[in-house]
Amino acid sequence: MSDRIVTMDKIVNLAKRRGFVFPSSEIYGGLASCWDYGPLGVELKRNVKEAWWRDTVTSRPDVVGLDCAIMMHPRVWEASGHVKNFTDPLVDCKKCKQRFRADQLDMVQCPEKPSKHPGECGGELTGARQFNLMFETHMGPVEDSGATVYLRPETAQGIFVNFVNVVNSARMRPPFGIAQIGKSFRNEITPGNFLFRTREFEQMELEFFVKPGDDDEWFKYWLDRRIAWYREYGIRAERLKLRPHASDELAHYAKGCSDVEYDFPIGWQELEGIANRTDFDLKQHIEYSGKDLSFYDDGTKERFVPYVIEPSAGADRSTLAFLVDAYDEDEAEGEQRAVLRLHPSLAPIKVAVLPLMRKAGLPEKASEIVETLRPHCAVAYDQAGSIGRRYRRQDEAGTPLGITVDYQTLEDETVTLRDRDSMQQERIATAELLDVVRERIAPPTSSRGLLP
Ligand code: ATP
């Protein structure tokens, strides 16, 4: 990995400088592991979520969406096992008094001796204790234990508790899925590495309900589909892999689980978990709620509790992976440039329109083109500085297309269209621009293939 150009520091710096991501509450010194998405970042992350939603929900006949409340009945988290089991092992350093996740000591630095890992710095670590990661708060004006609620640590449970509502209202029958994108909260012991591990983050989760017996086939289907999604949006094959969990790593209820891993600058790490959760979740909610969450198939006259295949991805972690993967440096027009080779449909800005000079009616003509494109895509107008400098700025923002308006435009209604990656320029009639732009920024055609 040492030959790689990209480092986490370069990504953090570019993100701050160009307005992708800022430290949260920065004017007050920041808040550990909390980040704010700036003007470019918010577009990028929205595009990532939109790409997931399009692929997982709107382009399929067998998946519907949901948007649940973050606060749920506390019994949900008893049924799901989170109150009892959603813990990480924690150790304290007796010397510096900091806390670390016992199973990830090799991933963090000693705060006093950053070249060492905790425990290797001369400080003695305590034995491991279990620490529950759920954030607690109180609902209403009385702060007693009866009013305790949790900020959801995953979006999945909102899907399980609405299973019957969706079956009845949307007339779905297995195999079918319910998808949700939303914030989750985990009081992580050692957050860090920029957007990789934060205490507040967004998940993109699908619970796909199938007839018991069909689960192995659907598990395999979703493993293939999710890898294909990252590839279609440009993630390099050599930085992506599936890592099946060893049997001692599997949750007791899971029949199978594989992580989609990405080769981040901090090494291979989980991007998404894909699990065959069997009928565990629905059965737990049947037991705790006393409600019947089984499915009756009136064709075969069978009643069953569906098995669930769960692809669970992080929106922020994926956004980070797309940024890291897209980052490149090369030479453009005799100058060093940093460029984000984002898939055009993920890029925050699709087209930059640049008048060659700030005179002779060129800005007016460029503004006209901006207004033609604006209803169809995110477009930027930039007239400040040399043309080379303006290209560099757009390259760093990942803008796939640049349109330059020059004197010839005024004569023959053509412009130059510059491609971010090849830096090739071609002359195009303004009348054709909209079609050409639309074609070049279109989302990838899915290689989904046949359903099992
Ligand atoms: P990890 O082992 O990294 O703590 P996990 O196995 O607990 O992750 P899941 O519960 O499977 O994670 O969550 C699904 C996805 O949600 C993860 O693959 C990741 O993309 C995202 N995610 C989980 N925790 C965080 C976090 N603290 N910050 C950012 N994203 C997260």
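**Entry 1: ligand contacts**

I looked up arginine 186 and found an N or O atom of its side chain 2.9 Å from an oxygen atom of the ligand. That is a polar contact, a pair of N or O atoms within 3.5 Å. The model is predicted, so I noted its limits: local features need pLDDT of at least 70, side-chain atom pairs count only at pLDDT 80 or more, and totals for chains, interfaces and linings use all residues. Residues are numbered from 1 along each chain as its sequence is written, and side-chain values use heavy atoms, without hydrogens and water.

Arginine 317 also has a side-chain N or O atom by the ligand, 3.3 Å from an oxygen atom. The protein covers 82% of the 590 Å² of accessible area that the ligand has on its own (Shrake-Rupley method, 1.4 Å probe).

**Entry 2: the shell**

I listed 16 residues around the ligand, and Glu188, Arg197, Thr198, Glu270 and Leu271 come nearest (a residue is near if one of its heavy atoms lies within 4 Å). Which strand gives the most to this shell? I found β13, with 4 residues. Strands β10 (200-210), β13 (267-276) and β16 (307-314) each supply at least two (strands are DSSP runs of E, at least two residues; helices are runs of H or I, at least four). The shell divides into 4 nonpolar, 5 polar and 7 charged residues; Asp, Glu, Lys and Arg count as charged, and Gly counts as polar.

**Entry 3: the largest pocket**

Where does the ligand sit? I found it in the largest pocket. A molecule sits there if more than half of its atoms lie within 2 Å of the grid points. A pocket is an open set of points on a 1 Å grid over the protein atoms alone, with protein on both sides within 12 Å along at least five of seven lines; lining residues have an atom within 4 Å of a point.

About 1600 Å³ of space lies in this pocket. Of its 50 lining residues, Phe86, Arg101, Arg186, His245 and Glu270 are closest to the centre. Strand β13 gives the largest share of the lining, 8 residues.

**Entry 4: the cavity**

I also looked for a cavity, a set of points where a 1.4 Å probe fits but cannot get out. The structure holds 1 of 30 Å³ or more. The largest cavity has a volume of about 40 Å³. Helix α11 (387-397) gives the largest share of its lining, 3 residues.

Note on methods
Polar contact = N/O pair within 3.5 Å; in protein donor to acceptor, adjacent residues only side chain to side chain. Points joined across faces, edges and corners; volume = space filled by probe spheres on them.
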